[in-house]
Amino acid sequence: MPFLEPLAQKFWDTYSGYSPTVATVRGEHGFDDHLRQFDDEWLDDMKARFRSIESEASNVDTSALTTQNRISFDLLAHESGVWATQIEQRFFVSAIDPYLGPHMSLLSDTRQNTVSSMSQAESLLGRYSLIPGYLVGALKAHRKNADRGMTPATASMERVFSQLDGYLSSGLDDDPFLVLELPDGLGDDTWKDRAADLVRESIRPAFEEYRAGLVEHIAPVSRPDDKCGLVWMTNGEEIYSSLIHEYTQLSETPQRIHDIGQHWATQVNAAEWAEIGQKAFGIGTMDEVFGRLHNDPTLRFNSEEEMLEHARSAIERAWNEVDDWFGARPETPCTVVPVPPATAPAMPPAYYMQPPIDGSRPGTYFLNTYKPEQRDKFEYESIHFHEAIPGHHFDRSLASEMEGIPLPRRYARVYAHTEGWGLYSERLADEMGLYSSEIDRLGMVSADAWRGARLVVDTGIHALGWSRQQAIEYLQRWTPIGLLTIEQEVDRYIGMAGQALSYKMGQLEIMRLRREAEETMGSRFDIKGFHDTMLVNGAMPLPMLSDAVEEWTASAQ
């Protein structure tokens, strides 16, 4: 469609300019020598660009369009509106957070960069030279937000300090700005030397100054642990309301989401603990099962290598069973690597990164192997199935491999669909017979209870005024997750407000869509067709996903 392609390109270029480190990771190299800016003039210009795209896409009459074109316009409108709102509110443009912070756009994204030419490598040196100014601008933005009453949580700041200290105390051999692999035959012997000079003389001093600025100007006004949620912050309720829309696309109040989570964590999952716990251990109450899971040292890992082998074995087993459940499957392989040591203490148990545009890196499953002896082995098969196969490696890699589809569709950022699919995949793995034992099936229940409890904790913190300790104690009561992970996760919810809602709300919607399709189609229901419908169009807001399933159901009549 003539109008669609230029509008999609306009969005792609605008988003790439707004988040250039993400663009490079995706394989979009036109912005390799750029970094985000934080001054009001630049941000207002970016907001206006996104609003313009949102308006153009929303005003298209899609009633006579093909399904693919309709999805494209609707998705452009949705994503443009999300980014414009974020910029308008300012808080998450320069979040002080161990996941979303401007320092992580450097330390984490840079590690994933790939280049196919020396000109691209030279452009990255141009980016490196901008880092001091970038961090100065970020600190100014932090201070401006603080002056407006939009302050970070102390828990988030402490995690950020841990990451900054980890980076500044690390050796140059593993510095993220020096790990870039240059193309064979095109290598410049001086590139790494020049990059190392920038790291020593410019980048690391800039990180030290950034850290000192946070200590001096931001830490004293950060929100304490008993008032860690957005509800305690200027404009916090408005920001949280927009985050519910961004991460669920559903018209639900915080209290309603809170109640849904309570129902799953304290009733549905509590009953499953008793049922499966009886099969696994011969004990039949949730508290007894938790006690066994907490206190049995054989249920912990012994080493990083054991964790990595555990993941690779589960992923291979899952791949061998996909034929009966999927018609579509990704061509790119899934590789398992440990989370880098400098950032691992503040990172979640695992996460997935989809392949870039040029296919220069496979789908990558990052497994957090920090302190393996404190990590509960019984939880990890469900994590593998969520993050890799049949979870994110299927939904994200299939999206990146779509042909004849605008690039924004292939890399759409719609968590309710993608994380809902990941959580659905943990239950699907049980249907596929992938869990090694009843104990490992308890990991599936643990993961589901965790996501249900997330609804309670996220809304509790950000809408109902819960303290950090109150959130920790709730997760200790209703999940068997270890304290190390609980503290990491609560701090994640504090900083990434709303994102935790996407998992369970998305899973429940996918389960509803499947249930209704099964009821409507009866014996004609095809599980492969349903799963392909979930995946082959890329990530979509949940109302659009519902429309896609309805169309598939009708077409199969």
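How many cavities of 30 Å³ or more does a search of the whole structure find? I ran through the whole structure and noted 7 cavities of 30 Å³ or more.

**Basis.** I am working with a predicted model, in which local features need pLDDT of at least 70 and side-chain atom pairs count only at pLDDT 80 or more, while totals for chains, interfaces and linings use all residues. Residues are numbered from 1 along each chain as its sequence is written, and side-chain values use heavy atoms, with hydrogens and water left out.

**Cavities and pockets.** On a 1 Å grid over the protein atoms alone, I take a cavity as a set of points where a 1.4 Å probe fits but cannot get out, and a pocket as an open set with protein on both sides within 12 Å along at least five of seven lines; lining residues have an atom within 4 Å of a point. Points are joined across faces, edges and corners, and a volume is the space filled by probe spheres set on them.

I looked up the largest cavity and found a volume of about 70 Å³. Its lining includes Phe91, Phe92, Asp97, Pro152, Arg223 and Ile494. By class I noted 7 nonpolar, 2 polar and 2 charged residues in that lining (Ala, Val, Leu, Ile, Met, Phe, Trp, Tyr, Cys and Pro count as nonpolar, Asp, Glu, Lys and Arg as charged, and the others, Gly among them, as polar).

I then turned to the second largest pocket, with a volume of about 450 Å³. I noted 22 lining residues, of which Arg111, Asn113, Thr114, Glu181 and Arg361 lie nearest the centre. Strands S1 (334-338) and S3 (363-367) each supply at least two residues of this lining, and S1 gives the most, with 3 residues. The lining of this pocket divides into 10 nonpolar, 8 polar and 4 charged residues.

**Helix pairs.** Helices (H or I, at least four residues) and strands (E, at least two) are DSSP runs, numbered from the N terminus. Axes are lines fitted to C-alpha atoms, for helices over the stretch in contact, and angles run from 0 to 180 degrees between N-to-C directions.

I found that H3 (residues 40-58) packs with H4 (residues 67-89) at about 155 degrees, the axes being 8 Å apart. H3 is therefore roughly antiparallel to H4 (under 35 degrees counts as roughly parallel, over 145 as roughly antiparallel, 65 to 115 as roughly perpendicular and the rest as oblique). The contact of H3 with H4 has 11 nonpolar, 4 polar and 4 charged residues.

Next I examined H13 (380-387) and H16 (residues 415-431), whose axes come within 8 Å and cross at roughly 130 degrees. H13 and H16 are therefore oblique to each other. Ser382, Phe385 and His386 of H13 make this contact with residues of H16, among them Glu419, Leu423 and Glu426 (contact means heavy atoms within 4.5 Å). The classes in the contact of H13 with H16 are 3 nonpolar, 4 polar and 2 charged.

**Backbone.** Most residues other than glycine have a negative phi, and most peptide bonds are trans. I recorded a positive phi of about 65 degrees at Asn235, which is not a glycine; Asn235 is in the loop between H8 (191-218) and H9 (236-248). I also recorded a cis peptide bond from Ile389 to Pro390, with omega near 10 degrees. Pro390 lies in the loop between H13 and H14 (392-400).
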